[in-house]
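I opened this model to see how its parts pack together. My notes follow in the order I looked things up.

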Amino acid sequence: MTHSEATPASKPARKSIIQLLELDLRLLGMVVAFAILCIAFDLATGGRFLTPRNIFNLTIQTVSVAIMATGMVFVIVTRHIDLSVGALLATCSAVMAMTQTQVLPDMLGLDLGHPLIPWVTIAIGLLAGTLIGAFNGWLIGYLTIPAFIVTLGGFLAWRNVSWYLTSGKTIGPLDPTFMKFGGISGTLGATGSWIVGGLALTGALYGLYAARRNKKKHGFTIKPLWAEGMMAVIISTAILGFVAILNAYEVPARKLKRMFEAQGETMPEGYTVSYGIPISVLLLIFVTVAMTILARRTRFGRYIFATGGNPDAAELSGINTRWLTVKIFALMGALCAISAVVASARLANHSNDIGTVDELRVIAAAVIGGTALAGGAGTIYGAILGALIMQSLQSGMAMVGVDAPLQNIVVGSVLVLAVLVDIIYRKRTGEA
Amino acid sequence: MTQSNRADSRTPLVEMRNMCISFGGVHAVDHVSADLYAGEVVGLLGHNGAGKSTLIKMLSGAYQADSGDIFINGERATITNPRDARRYNIETIYQTLALADNLDAASNLFLGRELVTPWGLVDDGAMESETRKIMARLNPNFQKFANPVSALSGGQRQSVAIARAVYFDARILIMDEPTAALGPHETQMVAELIGQLKADGIGIFLISHDIHDVMQLCDRASVMKNGKLVGTVDVDDVTDDDLLGMIILGKTPGNGAV
């Protein structure tokens, strides 16, 4: 207790700008690393990496892994692991592919292209993912089989359930509405994107305001107004900049011409259409916001972190940690199903190898994003950034022309290095 | 067994009768009975492995008894998990403190009983505000509200654990070695707190293997050895040596070996 009295005096009274803004140093480090990576690739490719087109592609390639990575954060925070997410994605994808191409049209007599097909399909896929995840959670929580073993078994089993369901065939083409969730075939266009950007901006600014008001209400110290203003500017620039970049990617003129010709019209001179925000990215944003609220502002999230920090303490505080495990894995399963929608829609069909090695990419994204395998620590935005860094590394190297085996060697090394940096960082800051 | 000279007309706050639990054939607690009245501190003494923590964990819901009955205010109580115990206003300060090191003081204090906004979201502001209030009372030096409790000193961590037990209007408080990790100044603070809680009419089970603590803080002492109850005595009627004899030899004063 003498210690706590001594600290304020020994510290300089002036706080650094980072402290004043209450920025997360780890987040800042990752953003800087990501920025350096992007700039380096841009230089190496002669300016082809940071084009609207490539950024658009990067985002839609990241979505599937990023959605699952948010769930993996919860799994790893509670000291578990899920090696079966790729296989689960394949099973969900297979279930949905069969549902929309065979079960619904043949057995229920819905015509192909019937407006109900995509929604019933997605509901069934979500149900399948949630149930399988809950089953995993039950094996782990109630039967106390280690998560590593349950999901290692699941890694083999569910991959081949998917194979069995489809007889190993590629199933397609998928429903056109369903395919809008894949990326390039479903975007919001320029106006829609600006509307979404505006809503996001309003939401973010209100969030800042509400947090400040809440602190004031309880009489806690608040940041100086200029610091809040600076945060607001940074956030606004990021949101509007992102929308502007995606809007700058225009549908190729040749493709537009063909679309007009298909309708028997000619394209007016100087006519352009922007892609804007892909629906899949919008989905990822929703998932991110929802998962962040779950993690930080609900009892469920609080219990996840408490259990990860000290399972015995959580149990003694009256938390039903077994049921919590079931819920966490059920959520992971549901997220795998959402990823399955995005992944199969992007490919326009279900293929037998969909989601292969995704489990490793998802775990890597969560871990690069600062989720500690020892449990108790991790953030949703970190995992998204981790997924983005992995994907940028992969596509950047492909664009530079690095050989495929070398690419994987680099990605593997970066994963190990990222964890080492994290360990050193935690030691320095004295975090557990 | 020495009968308490406290009036039998009063109903005990807690009565544990013939509690038994075994782990893999070892009788950790073997037909032990103990009781506690409101405004009283009962010490539980014994060597490591005597069964005192195990006995008390059956009351706090951490363990389920194999047999035996628990009565709260004279009524039979079923306690199968920590949530049940909390419903009977039984609060426990564990020797390990049972804190989630990665969370801050407020989150730990309200763990399992979070304050929520009308929308059902956890209300961190309100919880921190309440935590500041109770800490101002228990440990006015405490300032680290934003840090995870892993960044706190032993005494600060202890005060978080105590605050958690005290905040929720405990009627029965179990303290398992509350001063084991503390310095003299902090031990004195805990002693004062115990006196204060006692005056509020709270019944306290104090587990300790420090005889001086027990002589100073407790009204009665129950001594255990090898899972069995040696005896319960009024602290005023016995000397340090009597208690020591009970702990080491399993002898009750005047009665010879049990």
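I began with the neighbours of A:Met72. Leaving out residues up to four places away in sequence, A:Met72 touches A:Asp82, A:Val85, A:Val362, A:Ile363, A:Ala366 and A:Ala383. I count two residues as in contact if their C-beta atoms, placed from the backbone, lie within 7 Å.

This is a predicted model, so I noted the ground rules: local features need pLDDT of at least 70, side-chain atom pairs count only at pLDDT 80 or more, and totals for chains, interfaces and linings use all residues. Residues are numbered from 1 along each chain as its sequence is written, and chains are lettered from A and ligands numbered from 1 in the order in which they are written.

Next I looked up the largest nonpolar core. A nonpolar core is a set of buried Ala, Val, Leu, Ile, Met, Phe, Trp, Tyr and Cys residues joined through C-beta atoms within 7 Å. Buried means 20 or more other C-beta atoms within 10 Å of the residue's own; exposed means 12 or fewer, and partly exposed lies in between, with C-beta atoms placed from the backbone. The largest core has 178 residues. Those that touch the most other members are A:Ala69, A:Met72, A:Cys336, A:Ala365, A:Ala366, B:Leu59 and B:Phe205. Helix 15 (residues 321-347) of chain A gives this core its largest share, 17 residues. Helices (H or I, at least four residues) and strands (E, at least two) are DSSP runs, numbered from the N terminus.

Then I turned to the domains of chain A. An automatic or database domain assignment sets the bounds. Chain A has domain 1 (46-185 + 278-432) and domain 2 (187-276). Their C-alpha centres are 25 Å apart. Seven residues of domain 1 of chain A are in contact with eight of domain 2 of chain A. On the domain 1 side, helix 4 (52-77) and helix 12 (279-297) of chain A each supply at least two residues. Helix 4 of chain A gives the largest share, four residues. By class, that side has six nonpolar, no polar and one charged residues. Here Ala, Val, Leu, Ile, Met, Phe, Trp, Tyr, Cys and Pro count as nonpolar, Asp, Glu, Lys and Arg as charged, and the others, Gly among them, as polar.

Chain B has eight helices and twelve strands, and 48% of its 258 residues are buried.

How many residues of each chain meet at the interface? I found 28 of chain A in contact with 28 of chain B. On the chain A side, helix 13 gives the most, with six residues. That side divides into nine nonpolar, twelve polar and seven charged residues.

Last, I read the confidence. pLDDT is the predictor's confidence in each residue, from 0 to 100. Chain B has a mean pLDDT of 87, and 95% of its residues reach 70 or more. Over residues 1-7 of chain B, pLDDT stays under 50. Where pLDDT is low, the predicted coordinates should not be read in detail. For the complex, the predictor gives an ipTM of 0.87 and a pTM of 0.89.
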